[in-house]
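User: I'd like to go through this model and ask what stands behind each label. Can you take me through it?

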Amino acid sequence: MPPPRTRGTALRHRLAELRGPDVPAKALDARALAALAANPGCARRAILDGAGVNKAALASALGSPSAFGQSQFALTRGNAFEAKVKADGGAELLRLVHEKLDRSAEPPARARVPDLTATGPQGRTARTALELREAAGHPGAWTLLDHPMLALDVAGSPAYLEPDAVVVHPDGSWTVVEIKSFPLLDGSADPAKVGAAARQAAVYVLALEEVAARLDPAPRVRHRILLVCPRDFSNQPAASAVDIRKQRAVTARQLARLTRVEDIADALPEGTCFSTELPAEQLSAAVESVPATYAPECLSACELAFHCRSRSRQEGAVATLGRPVRAELGALTTVEDVLAAARGEAGDPDDPAVAALRRAAALRAEALEAACR
């Protein structure tokens, strides 16, 4: 058995081959990890993300471009709002943390804001871990880490994550801060957007817990994160404490279920490559060599969703109709199988799904007959 360093080097070379010659890897972020955790059975997304393939460019090359991405205006507005929240050494941000999460602590009149500059993601990750360790040596003080870098092992491949901020409380506990540009209207925000932010923050909490586990004693990573958004239609910051224990548990469980990237890579045909420079037919064959698990939810989370939906429809897969429908139909995996079972042409009559389909078909026939009288 080769030593871990050799095995890791071989895997990196294999993943580089999958991306294509001289194609830089696209780093995994928390949003991508949250989406990956929501669909852990999709080997296609796992290997593409693990290899650092740009799925947006891949989707365009396949003729099914994604509709992802923010407008330049939205990005500029979001950056301006984040700068406002963190101005003056993060005074307003720390005030919101104190107000919403830690009223019993001394108000943050001053705070440590260490410089996290370092070379490369590995260097920034090490610098972040060092500063978190240093914060433990300043009991009773507030510390603000602006855009720290965290690492999380995902299916045997490291992912480097960059939360908006992490705050170290005077009691030594750690809080993740998410700064978003969608508004808090009358103290509440769009539930779908808050849910997405909570799932993203759950990934950061898992990564922070790995850092905390290496310290003695291990600091407490708080499971209530601070979500900072513009108040109503202004540019003034408002905040809400969000409990992400459920999202953290689900994300941890789903990430643990992911097949290791090297296992998927080993199962691929020799010479498989996802370079967008390849001819369309060859590229499509490479993508189809990895099984996908499509569901309508993918449309809001994956750049390849339109391509996978088109293929799923061509195959007549019932998964195209949604996970609940797929679960109810059991062994019937295609629309053709479902219709044949409903007509009594196929299927085990003792199968509850088949029996339900035949009963539904009989009721439909009765209804149509009555309507024609």
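Analyst: Let's start with patches: they are made of residues with over 30% relative accessible area and no salt bridge, with like charges joined within 9 Å and nonpolar side chains (Val, Leu, Ile, Met, Phe, Trp, Tyr) within 5 Å. A salt bridge here is a side-chain nitrogen of Lys or Arg within 4 Å of a carboxyl oxygen of Asp or Glu. Areas come from the Shrake-Rupley method with a 1.4 Å probe, and for residues only the protein chains shown count as cover. This is a predicted model, where local features need pLDDT of at least 70 and side-chain atom pairs pLDDT 80 or more, while totals for chains, interfaces and linings use all residues. Residues are numbered from 1 along each chain as its sequence is written, and side-chain values use heavy atoms, leaving out hydrogens and water.

User: Which residues make the nonpolar surface patch?

Analyst: L321, V325, V335 and L339 make it, and it covers about 310 Å².

User: Why is L339 called partly exposed?

Analyst: Buried means under 20% relative accessible area, exposed over 50%, and partly exposed in between (1.4 Å probe, protein chains only). L339 has 43%, so it is partly exposed. L339 sits in helix α14 (residues 335-343); helices are DSSP runs of H or I, at least four residues, and strands are runs of E, at least two, numbered from the N terminus.

User: What makes T272 buried?

Analyst: Its relative accessible area is 9%, so T272 counts as buried. T272 lies in the loop between α10 (261-266) and α11 (280-288). Leaving aside neighbours within four places in sequence, T272 is in contact with R14, E17, L18, A286 and S289, contact meaning heavy atoms within 4.5 Å.

User: What is the phi of H147, and how exposed is H147?

Analyst: H147 has a positive phi of about 50° although it is not a glycine. Most residues other than glycine have a negative phi, and most peptide bonds are trans. H147 is at 24% relative accessible area, so it counts as partly exposed. H147 is in the loop between β2 (142-146) and β3 (150-154).

User: Which peptide bond is cis?

Analyst: The one from D216 to P217, with omega near 0°. P217 is in the loop between α8 and β7 (224-230).
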